Amino acid sequence: MSEKNKAILTGRHFFSGDLACAEGALAAGCRFFGGYPITPATEIAERMARRLPQVGGTYIQMEDEIASIAAVIGASYAGLKAMTATSGPGFSLMQENIGLAVMTEAPCVIVNVMRGGPSTGQPTMAGQQDVMQAKWGSHGDYEIIALTPSTVQEAFDLTIEAFNYAEAYRVPVMIMMDAIVGHMWERVTIPPADQIKIVNRKKPQVPREKYAPFKPDEDLVPPMAVFGDGYHFHATGLTHDEEGRPRTESIKTQQTLVQRLCDKIRKNADKIIQIRETMLDDAEIAVVAYGIEARAAWSAVRKARNAGIKAGLLRLITLWPFPEKQVAEVAKKVKTIVVPEMNYGQLVREVERAAKTTPVTFLSKLGEEPHKPEEILEAIKGGKH
Amino acid sequence: MITIKELTEKPELFTAGHRACAGCGPAIALRQIMKALRGPTIVTEATGCMEVVSTIYPYTAWNVPWVHTAFETAAANASGIEAALKVLKRKKRITHEHVDVIALAGDGGTYDIGIQALSGAAERGHDFLYVLYDNEGYMNTGIQRSGGTPLGASTTTSPAGTVIPGKTQHKKPIADIMVAHDIPYVATASIGYWQDLMAKVRKGLEVEGPAFLHVMAPCPRGWRSDTAKTMEISRLAVETCVFPLWEAVNGEYGLSPISKAIALKPDRKKPVEVYLKMQRRFAHLFQPKFQHIIKEIQDDTDKRWNRLLKKCNIPQVAVSKT
């Protein structure tokens, strides 16, 4: 079996979300993993430790999560598709280097299998408490992309897409997977290699002496040479000009750079954002949910329909950039919105902001279990006018 | 040296009823350590097996003030406690002659994620005892390799397969790294030699300044060993010189009694094979294709042992042939 065939295990499998995520990465062409064990993301590292050597890749277990993400940035610059996987405390440790990946535009994928926080919290229990941290965890203004799977199949599919976005926009992409999806076992279908869409980073098209590593194309993304291609390459976490030279005292450079780093995501948001609308056409009440909560919400919406209530579901797959326009459109159509989350009120604030005057009911759940469909149904009924 | 009779009269400060696995080496280590205290003591502990098993709701195994700190910061947290105690003592708000501080972490929390905090605390010279309970892997998360995992051991992130013979790197010489910090007391200890271990705990608490104690503590789950053989394996680690017992007082190395006896009578030094054979994490090494790893482990053990003898000013002896 060739290394490529070994990387894409075409066929039907029975996987956990963690394993599906690892296999998605391999199918996307990931050949480097900077690991550090942490519950409930350890299975991804374990799978990659076993699988990467089979496909000519490298698994390195680092000494902590700071080192893991730093190694991933290094591997990305050296030309490999690279990822790491962690959970709450490790995600916190990674934040400074996530900023570095944003600033140096290093394509990489970071998986956060979300457990209960803050601090050590509930390591073996699920949560959705890091969804704001995904966007705001590192200092400064920046944009990243964050995706959230609701099924094990999606854990596989979205990991491939995460790599594609990372390569296309030269940005860290996060997979925010609650620990229920991470540890849940379901059937996964892996398509043949030729049916998997793969995006690779743009290579420089200019002569070596004319290459400026941070000079963007029209889509605001600069082509990326890798170390050793022969291009002069200077990358820094300091504010830098298009040549990559530090410009720590230039107002204009700071304005131009930070704006572009944000705009390359904001202006491409329509291309990036993925949502799923179910039974929303005639809906009077919309449930906005993501991850495992979306599955409970789907059941609640069906129950509501059976009871004659016009409910619908807006499932968010992309959390960041936030699907503001999409939520606003739904908000215009419905009388009320219900947002169930496994936290004490996070993404609901974004929903409220986008929904403007449409009332939003928030349902909080902390400590492992998602909402029961009946609980969401109650809220739907409560919102029925 | 303490006798068994005296030992039984000591209070149990790490109590029974915790949830450690059968044959857990670190739990035995903690019981021994906590019986060697000299007075009021505060324990700060990094995330790890012993933190988890000793504090499962609604119980605690700790009969001393105890705090769970972030994985990477046991030594930094201890620094803060110690510095505050100093102030309180200076202001005469504490009247005890001494309040001891113990920072406790496993090999993951020491070799890997915690070494920065440990090194910083040692450099600043805080007066505390750092205890590393070394079970040679991240056992709490399900047996991943650490900087303390030895060459050839199979873990879930250094799995032995048809090509790769388990972990391909050696164990980091952590205790020597701590000696290089020029702190007053560094020692290695084994639960298989409890009197030696307890004496070293006491010494570590008594010295002024940072002390570091490296305790070898087998994990039957991670080592895939017989739960009834934990003590035997602990002693074999010492008898094979895989884990010799020594102490460095103000940077001067000296062998502890059992290792000194082996140094003086090299025939007593056992081949590493007998130690490896008792642990299924090394089982793959006994296949013909990986046998050279066993030789490499033996050679490395001999190399380190001879280096240690030199540091202890003991004439180098011929390597025992296996």
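Reader: Why is B:Val101 called buried?

Author: In this predicted model, B:Val101 has a relative accessible area of 2%. Buried means under 20%, exposed over 50% and partly exposed in between, with a 1.4 Å probe and protein chains only; B:Val101 is therefore buried.

Reader: What does B:Val101 touch, not counting residues up to four places away in sequence?

Author: B:Val101 touches B:Ile42, B:Ala78, B:Ile81, B:Glu82, B:Leu85, B:Phe128 and B:Leu129, where contact means heavy atoms within 4.5 Å.

Reader: What separation is found between the C-alpha atoms of B:Val101 and B:Asp127?

Author: These atoms of B:Val101 and B:Asp127 lie 7.7 Å apart, although 26 residues separate the two along the chain.

Reader: How many residues does each chain bring to the contact between chain B and chain A?

Author: Chain A brings 17 residues and chain B brings 16 residues. About 1,200 Å² is buried between the two chains, 59% of it on carbon and sulfur atoms; buried area is the accessible area (1.4 Å probe) that two parts lose on being put together, summed over both. Of the area that chain B buries against chain A, 34% comes from B:Ile113, B:Thr141 and B:Thr157, more than from any other three residues.

Reader: What is the count of salt bridges between chain B and chain A?

Author: The count is 0 salt bridges, a salt bridge being a side-chain nitrogen of Lys or Arg within 4 Å of a carboxyl oxygen of Asp or Glu.

Author: Local features need pLDDT of at least 70, side-chain atom pairs count only at pLDDT 80 or more, and totals for chains, interfaces and linings use all residues. Residues are numbered from 1 along each chain as its sequence is written, chains are lettered from A and ligands numbered from 1 in the order in which they are written, and side-chain values use heavy atoms, with hydrogens and water left out.
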